[in-house]
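Subject: Structure for your files

Dear colleague,

Here is the structure I said I would pass on. My notes on it come after.

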Amino acid sequence: QVQLVESGGGLVQPGGSLRLSCAASGIGFRFYVMAWYRQAPGKQRELVASISGGGSTEITDSVKGRFTISRDNAKNTVYLQMNSLKPEDTAVYYCKAAWHATYWGQGTQVTVSS
């Protein structure tokens, strides 16, 4: 059974940092492109960052320079380091694994507020 379990969300003040983790099980992790998406209230889900099995990354412009995606294939885990957080980063963050099939995690809430 495939599982993607996100963790690390929470409430943080503007300018603060969080690191999200997504632990995968039941898939050949190293073959999968892993990605982080987010969905704010009333908005569509959007791609934040992605990383290939070999470590090539893509970051959406709105978070470039503030967010970093990385992965540890030995731990079957992908990370999203979020620095200099802004209120507009508030959203539910989802992990996605994609290769021959696509899988989603349940999401973790990130709230940036003073």
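Predicted model: local features only at pLDDT ≥ 70, side-chain atom pairs only at ≥ 80, totals over all residues.

Residues are numbered from 1 along each chain as its sequence is written, and side-chain values use heavy atoms, with hydrogens and water left out.

An open sheet of 4 strands runs in the order S1-S3-S8-S7 with antiparallel pairing; strands (E, at least two residues) are DSSP runs numbered from the N terminus, and two of them pair if DSSP finds at least two bridges between them. S1 and S7 (67-72) are at the edges with a single partner strand each, so one side of each has no neighbour in the sheet. On average, neighbouring strands of this sheet are turned by 15° against each other, direction ignored (axes are lines fitted to C-alpha atoms).

S1 (residues 3-7) is joined to S3 (residues 18-25) by 5 antiparallel bridges. Glu-6 has Cys-22 as its bridge partner in S3, and Gln-3 stands opposite Ser-25. Buried means under 20% relative accessible area, with a 1.4 Å probe and protein chains only.

Ala-97 lies in strand S9 (residues 91-98) and counts as buried because its relative accessibility is 0%. Leaving out residues up to four places away in sequence, Ala-97 touches Leu-4, Ile-27, Tyr-32, Val-33, Met-34, Thr-102 and Tyr-103, contact being heavy atoms within 4.5 Å.

Regards

Notes:
Buried < 20%, exposed > 50% of the residue type's maximum accessible area, 1.4 Å probe, protein only. Axes fitted to C-alpha atoms, helices over the stretch in contact; angles between N-to-C directions.
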